[in-house]
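Good morning, and thank you for coming.

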Amino acid sequence: MLDAAEQRVLGSLLEKEITVPGSYPMTLNAVRLACNQTSSRDPVVDYDDELVAGALRALKEKELVVFSWHGTGSRVVRYAQAFAHRRGLAPDERAVLTVLLLRGPQPAGAIKARTERLHRFGDRAEVEACLARLAGSDEPLVRELPREPGQHDSRWIHLLGPVEAAPSRPPAVAVDRDVVLAGGAEARDEKVRASYAAVAATYADQFGDELAELPFETWLLRRVAALSGGAPVIEVGTGPGHVAAFLAEAGVDATGLDLSPEMVEQARRRHPGVTYEVGDLRRLMRPATHDGWGAVLAWYSLIHLAESELPGALASLVRPLRSNGWLVIALHAGDEVRTVTEWFGQAVDLDFVLHDPAHLIPVVEQAGLRDIEWYHRGPLPGRGETTSRLYVLARKP
């Protein structure tokens, strides 16, 4: 029987072995971060190293986790789950138990949706068959809960330890982030170009010196400058060019790229010592003088793309990175699409897509990136911000 911390640690190891095999087995810090994710976890927790280390030791004593040291002379301990191997779990059984460990009681339909990255079930009936198999074994691993009043489906729990069967919550309202493509991608791109052309000068006046008020963002950009390893860096969606200029002042060979010629003109006028070009981030090329970019920054440049476009866009940004180069993403986080018809006193027709960290981080993982860090900060009312912000930093192997 596993306590809550042991359940969370085991579930995290089971998940990451499948979703990020290149970073597996995991360090203590990686296990703690996986436990404390705010996406794909219920409840959200804030474990410290001591609690996670204690849970790992307890799991090792139960022969559900193994310790290892990677590399000659390495003193860094890494951890891997042994539970699935010892129990001989099939891939579908393993996926079901993983999401039950990480997200508590769930109906079969939710389990199907949440196991997509772990195992692809053909339909709900396959999930129900898997649950029945796990419940009907000599040592049952799951159990169906009695249906609550008003519930359409009964929920299931694992039997690896106590589970708090909290009342079910209504499902979140679905957000159609692909609505921005209703008229086609070309029409959307033209609206973006026209809107930024209309506000270019005012936009540059408003945001051109904003980094002076953003200590976290400047800290992150200095990290990017240090991580680039002397290779050139490009910021796609550069706008008035202040982020690329900041990197240039930090000693980086920085280039800015933007879809809007008017924005590029503003950037060149304000930062004449930096290279700015008109171009599309979805057609990003390698630098002419190196084998790849040391870092590619998509700094608020994905905010007009549909959710379905993110995998292709990230692939285009990762492809021209050099080995051990870094992708950096900044965007608005949330569950809505905001349509703006007036901006800086100009009539525009522009959609802003607020992306969900729970969807974006898996897309980053699926792009083959490693050492993923992400930061979610709330709005700064003093600056008039009304959205949360998400920052992601990830390395290309």
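I shall speak about the nonpolar cores, a pair of helices and one arginine.

This is a predicted model, in which local features need pLDDT of at least 70, side-chain atom pairs count only at pLDDT 80 or more, and totals for chains, interfaces and linings use all residues. Residues are numbered from 1 along each chain as its sequence is written, and side-chain values use heavy atoms, with hydrogens and water left out.

The largest nonpolar core has 61 residues, of which Leu297, Trp299 and Leu302 touch the most other members. Strand S10, residues 321–333, gives the most to this core, with eight residues. Apart from it lies another core, of 42 residues, including Val96 and Cys130. Such a core is a set of buried Ala, Val, Leu, Ile, Met, Phe, Trp, Tyr and Cys residues joined through side-chain atoms within 4.5 Å; buried means under 20% relative accessible area, with a 1.4 Å probe and protein chains only.

How do helices H5 and H7 pack, at what angle? Their axes, lines fitted to C-alpha atoms over the stretch in contact, stand at about 85 degrees and 10 Å apart. H5 and H7 are therefore roughly perpendicular, a term covering 65 to 115 degrees. Asp92, Glu93, Val96 and Leu97 in H5 meet Cys130, Leu131, Arg133 and Leu134 in H7, where contact means heavy atoms within 4.5 Å.

Finally, arginine 395 lies in strand S14, residues 388–395, and is buried, with a relative accessible area of 19%. Its side chain makes a polar contact (a donor and acceptor pair of N or O atoms within 3.5 Å) of 2.7 Å with the side chain of asparagine 324. Another polar contact, also of 2.7 Å, joins the side chains of arginine 395 and aspartate 371.

How values were computed:
Helix = DSSP H or I, 4+ residues; strand = E, 2+ residues; numbered from the N terminus. Buried < 20%, exposed > 50% of the residue type's maximum accessible area, 1.4 Å probe, protein only. Axes fitted to C-alpha atoms, helices over the stretch in contact; angles between N-to-C directions. Parallel < 35°, antiparallel > 145°, perpendicular 65-115°, else oblique.
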